[in-house]
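Please examine the sequence together with the three-dimensional structure shown below.

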Amino acid sequence: MSQRHELMALGVQGTPVPLGTPLAVFENACRDLLDRHPGTGMLVWPELHLFADGVPDQAREAQLRAAAQPLDGPLVTALAAISRRLGVWLIPGSVCESGPEGALFNTAVVLSPDGDLTASYRKIFPWRPTEPYTPGSQLCVFDIEGVGRFGLCICFDSWFPEISRNLAWMGAETIINPVKTTTPDRPQEMVIARANSITQQVNFLTVNAAGPVGVGVSALFGPEGEWVSGIDDERPGCFEAVLSSDRVHRTRRVGTAGVTRPWDFFRPGDVPVELPAYRGAIDPASWNRN
C-alpha cells in the first residue's frame, strides 16, 4: 500500500483569551481537545488568540506593546514546552512580537512536537488603520516530514492573491490562515479563501475567532475549492481538517474538475509576462510547480 501524505489538524474557533490569563488555561484547553479528538497531529488557533486586550477587545496599542516579547522570550518558550508536552504541532494563533527599533509585529509561530520553533511569519498586511502592527516583509513556508510543505498567511493577507500565489510557487500544498475577523465581511473572506484554494490548487485552512469578539465561520477548502470541513457560524468549537498533500498533487496532475491545470500552462519558448505592478514578470521557465 502506498504511503498517504496527510495530517489531521484541528481548527479551533476559540474566543480570544484576555491578556494575563495563565498559560495553564490554554494548555488545559489544548489537552481537552486532544482527548476528544484522538489522532490529531496539529492544533490551529485563531489570530492573536492569547492577546485579547480588554472588553471590548479593540487592539489597543499600549496594551499590546506592553505584552509583546521577542520570539526567544518566555512566552514562545513556554508555548514550545506545551507543544512538546502535548506531542503535537501547535499554531497558537499569532503573538505580539517586539522587534528591533520599536517594531511591533503580528507573528504566527509554528511549534513542533519536539518543542522547536519551526517557523515564524510576520503579517505583511495589517488591517490599517485599526491595527498598530509593523508590516512584515518575508513569506514563510515550512516542511513536515512525511506530510508536505505548508505556508502561512494571517487574516487580511488572504485578500492579496500575491501571497497565496507565491506560497504555492514556493511549494506550499497547504496554506494556514489564522484569522481574527470581527467585521461583517467574513462572507467575502470565505469566497476569497475558496478562490485561493482553487486558483493555487492548495488546501486552504482558515480559522477565525469565535463570538462574541470574532464573527466566526472557519473552514478547510480542498485544492478544487471543495468545502472539506468547518464551522458555519460564530459559536466556539472545533473541526477536524485532514490536510492531504496527495490530494493537492492529484488535482494538479489531472486538473481541477478533471480539466484545469494552471500550474502546467506554459510551454518551452513562451515569453515572460511583464507584471508592471510588481516591477517583475512571470517567467515561464520557472512556473511549473508539479
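The paragraphs that follow treat helix contacts, selected residues and the backbone.

The model is a predicted one, in which local features need pLDDT of at least 70 and side-chain atom pairs count only at pLDDT 80 or more, while totals for chains, interfaces and linings use all residues. Residues are numbered from 1 along each chain as its sequence is written, and side-chain values use heavy atoms, with hydrogens and water left out.

Helices (H or I, at least four residues) and strands (E, at least two) are DSSP runs, numbered from the N terminus. Helix H1 (residues 23-36) and helix H3 (residues 74-86) have axes that come within 11 Å and cross at roughly 25°. That angle makes H1 roughly parallel to H3. Axes here are lines fitted to C-alpha atoms, for helices over the stretch in contact, and angles run from 0 to 180 degrees between N-to-C directions. Angles under 35 degrees count as roughly parallel, over 145 as roughly antiparallel, 65 to 115 as roughly perpendicular and the rest as oblique. H1 and H3 cross in a right-handed sense; a crossing is right-handed if the near helix is turned clockwise from the far one by less than a right angle, and left-handed if anticlockwise.

On the H1 side, the contact (heavy atoms within 4.5 Å) involves Leu23, Phe26, Glu27, Cys30, Arg31 and Leu34, which meet Leu75, Ala78, Leu79, Ile82, Arg85 and Leu86 of H3. The residues of this contact comprise 9 nonpolar, no polar and 3 charged. In this division, Ala, Val, Leu, Ile, Met, Phe, Trp, Tyr, Cys and Pro count as nonpolar, Asp, Glu, Lys and Arg as charged, and the others, Gly among them, as polar.

Leu90, in strand E3 (residues 89-91), touches residues from both of these helices: its contacts, leaving aside neighbours within four places in sequence, include Phe26 and Cys30, which belong to H1, and Leu79 and Ile82, which belong to H3. Among its other contacts are Leu43, Trp45, Val109 and Val110. Leu90 counts as buried because its relative accessibility is 0%; buried means under 20% relative accessible area, exposed over 50%, and partly exposed in between (1.4 Å probe, protein chains only).

Ser83 is another contact of Leu90 and lies in helix H3. With 0% relative accessibility, Ser83 also counts as buried. What does the side chain of Ser83 meet at 2.9 Å? A polar atom of that side chain lies 2.9 Å from the backbone oxygen of Ser112. Such a polar contact is a pair of N or O atoms within 3.5 Å; within protein, one must be able to donate a hydrogen and the other to accept it, and residues adjacent in sequence count only if both atoms are side-chain atoms. Beyond its neighbours within four places in sequence, Ser83 is in contact with Val88, Leu90, Leu111, Ser112, Pro113 and Gly115.

Asp53 occupies the loop between strand E2 (42-44) and helix H2 (61-67). Asp53 counts as buried, since its relative accessibility is 8%. Its side chain reaches the backbone nitrogen of Arg60 at 2.4 Å. Apart from neighbours within four places in sequence, Asp53 is in contact with Leu19, Gln58, Ala59, Arg60, Gln63 and Leu64.

A further helix contact joins H4 (residues 161-169) and H5 (residues 186-200), whose axes come within 10 Å and cross at roughly 35°. The crossing of H4 and H5 is right-handed. Here Pro161, Ser164, Arg165 and Ala168 of H4 meet Asn196, Thr199 and Gln200 of H5. The residues of this contact divide into 2 nonpolar, 4 polar and 1 charged.

The backbone also deserves attention. Most residues other than glycine have a negative phi, and most peptide bonds are trans. The bond from Arg128 to Pro129, however, is cis, with omega near 5°, and Pro129 lies in the loop between strand E6 (117-122) and strand E7 (141-144). Gly211 and Pro212 are likewise joined by a cis peptide bond, with omega about 5°; Pro212 lies in the loop between strand E10 (203-207) and strand E11 (218-221).

Glu101 has a positive phi, near 55°, and is placed in the loop between strand E4 (94-98) and strand E5 (104-111). Its relative accessibility of 85% is why Glu101 counts as exposed. Ala257 has a phi near 55° and is found in the loop between helix H6 (245-254) and strand E14 (273-275). Ala257 is exposed, with a relative accessible area of 64%.
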